[in-house]
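Subject: Structure for you to look at

Hello,

Here is the structure I promised to pass on. Please open it alongside this email.

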Amino acid sequence: MNAIVRPLTAQDLPGLLAVQRACYGDGYIESAAVYARRLACPAQCSVVLERAGQLCAYLAAYDALAGKVTPLHGDFEAANPPDTLYLHDLAVLPALAGQGLARALLAPLWRGAVARGLTRSALVAVQGSQGYWERHGYAVHTLRDAVQRQRLAAYGEGAVYMLRTLG
Ligand SMILES: CC(C)(COP(=O)(O)OP(=O)(O)OC[C@H]1O[C@@H](n2cnc3c(N)ncnc32)[C@H](O)[C@@H]1OP(=O)(O)O)[C@@H](O)C(=O)NCCC(=O)NCCS
């Protein structure tokens with residue numbers, strides 16, 4: 001595949017936005033300004049996949065707390081101490097789907113999270129991706145807290161909060 005997986009940098013933001021635009025409907029498009037703020041969060045551990053110098057896929061993630069949802073268009077809030085790897089956004093250029101690029105981004109993030117002592121990973125599944133995440137060991141988790149439920153609702157009908165254990 002000859003792909004490089006490396007940390008996201010500010011220089012990657014135009015490429016990230018292009019992949020985002022190719023992968024998501026209008027309701028989910030987040031701005032460069034939001035991503036720039038997230039990059040400044042010390043808890044973020046986002047990665048990109050580059051092939052022949054082109055950004056083909058990205059996984060935006062950070063160390064967070066189980067049961068907390070990142071608001072759509074919202075900031076990554078560092079937790080002290082974190083217990084959960086939160087996967088905010090995984091996107092692969094549609095032309096390159098089914099080649100294992102998503103897996104290539106996920107595997108090092110899960111490994112890194114275990115090394116940092118995190119015990120779980122969480123995400124909000126959208127666009128019919130629940131089945132994809134179930135295949136990776138995530139299960140739907142019911143949120144009890146009203147604020148978190150409200151944040152989840154902003155992702156639209158069919159969005160579900162999911163958790164898995166790590167390690
Ligand atoms: C979902 C996504 C990240 C998968 O990326 P990918 O690089 O194609 O994934 P991989 O190659 O590692 O894995 C592909 C496998 O997942 C399966 N898969 C892909 N999308 C799926 C879905 N929505 N539901 C169930 N399985 C799915 C494929 O059928 C394939 O199965 P196989 O391994 O048995 O052939 C990519 O399709 C994407 O960017 N989608 C748009 C953005 C999105 O919805 N992201 C998730 C939001 S939470």
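This is a predicted model: local features need pLDDT of at least 70, side-chain atom pairs count only at pLDDT 80 or more; totals for chains, interfaces and linings use all residues.

Overall fold
The protein has 5 helices and 7 strands. Along the sequence they run β-α-α-β-β-β-α-β-α-β-α-β. The C-alpha atoms fill a box of roughly 45 × 35 × 30 Å along the principal axes. The radius of gyration is 15 Å, and a compact globule of 167 residues would come out near 15 Å, so the two agree. Of the 167 residues, 31% count as buried. Take the contacts between residues at least 6 apart in sequence: 71% of these join residues at least 24 apart.

Around the ligand
The shell around the ligand holds 19 residues. Which of them come nearest? They are A97, A102, R103, G131 and Y132. By type, the shell divides into 11 nonpolar, 7 polar and 1 charged.

Q54 lies in strand β3, which covers residues 54-64. Is Q54 buried or exposed? Q54 has 12 other C-beta atoms within 10 Å. A residue with 12 or fewer counts as exposed, so Q54 is exposed. Its C-alpha atom is separated by 9.8 Å from that of D12, although Q54 and D12 are 42 residues apart along the chain.

Best wishes

Technical notes. Residues are numbered from 1 along each chain as its sequence is written. A residue is near a molecule or strand if its C-beta atom, placed from the backbone, lies within 6 Å of it. Ala, Val, Leu, Ile, Met, Phe, Trp, Tyr, Cys and Pro count as nonpolar, Asp, Glu, Lys and Arg as charged, and the others, Gly among them, as polar. Helices (H or I, at least four residues) and strands (E, at least two) are DSSP runs, numbered from the N terminus. The radius of gyration is taken over C-alpha atoms; the globule rule is 2.2 Å times the number of residues to the power 0.38. A residue is buried if 20 or more other C-beta atoms lie within 10 Å of its own, exposed if 12 or fewer, and partly exposed in between; C-beta atoms are placed from the backbone. Two residues are in contact if their C-beta atoms, placed from the backbone, lie within 7 Å.
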